[in-house]
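Have a look at the structure first, then read on.

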Amino acid sequence: VSIIEGVVTTLGPGGRVNVAPMGPLLLDDDFGVFLLRPYTSSRTYANLKEHPEGVFHVTDDVELIARAVAGDVEPPMRPAERVRGWVLTGACRYFEFRIEDFDDREPRTRLRARTVHSGRLRDFIGFHRARHAVIEAAILASRVGILPLEEILGELRRLEAPIEKTGGASERRAFELLRRHVLDAAGGVSLDRVEVRTGSRLHFGLLAPWPGLEREHGGAGLMVESPGIELVASRAEGLEISGPHAERVRESAAPLLDDARRRGAPLAGARIEVRRAAPLHAGLGTGTQLALAAAAAIDRLSLQAGAPPADAVELARRAARVPRSGIGIHGFARGGLLVDGGHAGRDGGATATPFEPAPLVSRLELPAHWRALVILPPASKGLSGDAERDAFHRLGGLPAAERAERAGGICRAALLGLLPALAEGDFPAFSRALWDFSRRAGEAFRAIQGGSFASGAIQAAVELLRAEGIEGVGQSSWGPAVFAIVDDAEKAAAIAARARARFSLADEAVLVTAARNRGADVHAVPKARP
Ligand SMILES: Cc1cc2nc3c(=O)[nH]c(=O)nc-3n(C[C@H](O)[C@H](O)[C@H](O)COP(=O)(O)O)c2cc1C
């Protein structure tokens with residue numbers, strides 16, 4: 001069974017002809033019997049319900065198809081011979097049909113058509129890439145309001161290449177008409193309001209915290225769904241921010257807005273409402289996710305119609321988050337359990353600012369039933385900003401041979417432990433490797449933290465989790481967030497309840513969450529659904 005895209009004419013109220021592109025299913029070798037599948041919302045369906053006759057046309061006139069999708073058309077036609085209807089005289093072949101069976105129980109109906117007369121008007125010219133591209137574009141354009149606008153615009157961009165390379169004037173006109181139709185129709189689904197949702201980042205530790213090795217830093221981490229970040233942005237005159245961390249969002253959003261204006265974006269201002277946000281400086285990478293979320297929202301609001309949205313690296317650059325947020329940037333883009341390879345060694349740690357985020361060298365997904373248990377003990381805030389930079393400078397004292405050996409141990413825990421165990425879904429091996437990794441990575445900071453953990457409260461949380469029989473435990477970044485990976489949601493919830501009781505923590509300070517195996521969601525919110 002195959003589908004042939006063509007054009008159907010039907011008769012409407014008052015004998016008015018309706019011309020609609022449609023792709024019937026062939027039920028035999030030619031068009032003896034075929035299945036039309038108009039949606040119940042279409043005029044074609046309404047017409048056939050009243051008067052079950054029409055004419056199906058095979059054509060290579062894609063401009064006609066584009067015009068029929070974009071609006072009403074009145075191509076040259078003559079009356080049909082055996083049915084009450086009209087034949088498009090510009091088509092290649094036509095099939096006058098009668099509907100012999102109506103199945104309209106579903107919105108996408110199945111109307112069995114039998115050809116009662118057919119004719120040949122001219123030859124089909126042959127395969128043509130640009131014409132096929134116009135057909136694809138026409139189908140996309142007929143789905144405005146059904147498919148997300150970004151998806152349609154993205155697909156249209158991909159179809160430009162064959163139009164450019166192989167199209168003539170007619171295909172170009174057709175394509176342009178469809179593009180304009182999509183953008184006009186987008187008036188109802190405009191980019192005036194954007195929702196961004198991203199997860200939180202657990203950082204398991206650095207591969208090479210010391211200067212002077214082949215690469216600097218590098219690390220492993222995991223994106224999780226909660227606590228995460230959710231914000232909604234819309235066009236406004238100035239910059240209005242509300243919700244948690246409003247000041248912090250303003251710090252990132254103000255330069256982003258200036259930058260958008262400098263690039264000529266027609267955006268006066270933005271209203272950003274933070275609906276949900278993880279705590280800052282807790283080891284959850286909130287600063288980066290918040291800045292990237294604001295950057296993504298402002299990028300979408302400032303996008304010229306049809307232009308591609310910026311990717312996560314570009315957003316990070318605009319938000320000035322590039323140098324130290326490898327896992328956070330790749331996590332915003334793709335989610336998952338990630339390893340970044342740090343930056344190329346810069347003799348003794350000279351502080352040139354890198355312009356690319358550390359490259360992603362591995363990305364795996366956690367099995368869907370595994371959970372991350374996150375405990376946020378009170379008090380100590382994690383290091384960040386200047387304090388974090390100073391701390392790194394204090395690590396330089398270790399002899400070179402020992403740095404190499406220790407980094408070797410951490411890398412081995414990642415490459416021969418964590419990653420293969422996860423790839424095989426071997427939970428016990430993964431847990432052992434995660435503990436090994438996080439202990440070695442934590443030891444690197446003993447001089448700064450005074451131990452492998454940043455505080456007594458963190459140590460206590462780690463000990464409780466280990467005593468519960470969970471091996472894969474660690475401190476995320478500088479803490480205070482403590483994580484454990486558990487292979488069962490109920491078990492994780494039970495342990496979380498005991499941890500809350502034991503440390504007198506609020507509900508939101510101990511959470512059980514799934515890994516986030518996808519990047520941030522950035523959606524235009526329809527103003528009014530069509
Ligand atoms: C090549 C092509 C094939 C299409 N096939 C169908 C189809 O099988 N069923 C349908 O309901 N719409 C189909 N559409 C979309 C309709 O043409 C479109 O929704 C149109 O607005 C319906 O027109 P009408 O309301 O005048 O009947 C197709 C569009 C194109 C460009």
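This is a predicted model: local features need pLDDT of at least 70, side-chain atom pairs count only at pLDDT 80 or more; totals for chains, interfaces and linings use all residues.

Is Met77 buried, partly exposed or exposed?

1. Met77 counts as partly exposed because its relative accessibility is 25%, where buried means under 20% relative accessible area, exposed over 50%, and partly exposed in between (1.4 Å probe, protein chains only). Met77 belongs to strand E6, residues 77-79; strands here are DSSP E runs of at least two residues, helices H or I runs of at least four, numbered from the N terminus.

2. Numbering runs from 1 along each chain as its sequence is written, and side-chain values use heavy atoms, without hydrogens or water.

3. The ligand has 19 residues around it, and Asn18, Pro21, Arg37, Arg43 and Thr44 come nearest (near means a heavy atom within 4 Å). Strand E2 (17-22) gives the most to this shell, four residues. Helices H1 (43-50), H2 (62-70) and H3 (129-141) each supply at least two.

4. Now the polar contacts (N or O pairs within 3.5 Å). A ligand oxygen lies 2.7 Å from a backbone N or O atom of Pro21, and a ligand nitrogen is 2.8 Å from a polar backbone atom of Arg37. The side chain of Arg108 puts an N or O atom 2.9 Å from a ligand oxygen.

How values were computed:
A polar contact is a pair of N or O atoms within 3.5 Å; within protein, one must be able to donate a hydrogen and the other to accept it, and residues adjacent in sequence count only if both atoms are side-chain atoms.
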